[in-house]
Amino acid sequence: MHYLVGQIVEGVITGIQPYGAFVYLDSDHKGLIHISEISRGYVKDVTKFLTVGEKVRVKVIDIDTSTNQCKLSLKAVNRNMARQKQKVHRVQKVPKMVIGFQVLADHLDEWIENQIKREEK
């Protein structure tokens, strides 16, 4: 099979290292998903995201034609899903706060008296 940069392909995870995961594409082509291409967020442990034998859809981001090795990206394929998850995490309910100016009104006379005393010194 012939692969092109930018193409979305399916492969199987064949090995995991601290720096990324190896992917079998076909009998002639292998690839690596570098740890920086697994997720948009911080990845401390590749095994938290991928397992050996797992089928993955990845994007080809570079090809070394002399060795048939491909640089692959998982996060480029999962971009929309990652954005949706990030939006869910960002949504927060903020409690209604009814403070107004009452705190200022309660202390205003005291502050004015203190300022007058300072100016008299």
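Biologist: What should I know about the model before reading it?

Modeller: The model is predicted, so local features need pLDDT of at least 70 and side-chain atom pairs count only at pLDDT 80 or more, while totals for chains, interfaces and linings use all residues. Residues are numbered from 1 along each chain as its sequence is written, and side-chain values use heavy atoms, with hydrogens and water left out.

Biologist: Which strands pair with S1, and in what sense?

Modeller: Strands (E, at least two residues) and helices (H or I, at least four) are DSSP runs numbered from the N terminus, and two strands pair if DSSP finds at least two bridges between them. Here S1 (residues 8-17) pairs with S4 (residues 55-64) in the antiparallel sense over five bridges; Val12 has Lys55 in S4 as its bridge partner. S1 also pairs with S2 (residues 20-24), antiparallel and over five bridges. S1 and S2 form a hairpin with two residues between them, and Gln17 stands opposite Gly20 in S2.

Biologist: Which residues touch the most other members of the largest nonpolar core?

Modeller: In soluble globular proteins, nonpolar side chains tend to be buried together. A nonpolar core is a set of buried Ala, Val, Leu, Ile, Met, Phe, Trp, Tyr and Cys residues joined through side-chain atoms within 4.5 Å. The largest one has 18 residues, and Ile33, Leu50 and Leu72 touch the most other members. S1, S2, S4 and strand S5 (69-73) each supply at least two residues of this core, with S4 giving the most, three.

Biologist: Where is the kink in H2 centred?

Modeller: The bend at a residue is the angle between axes fitted to the seven residues ending there and the seven starting there. In H2 (residues 102-120), a kink of about 45° is centred on Leu108.

How values were computed:
The expected span of a helix is 1.5 Å times one less than its number of residues. Buried means under 20% relative accessible area, exposed over 50%, partly exposed in between (1.4 Å probe, protein chains only).
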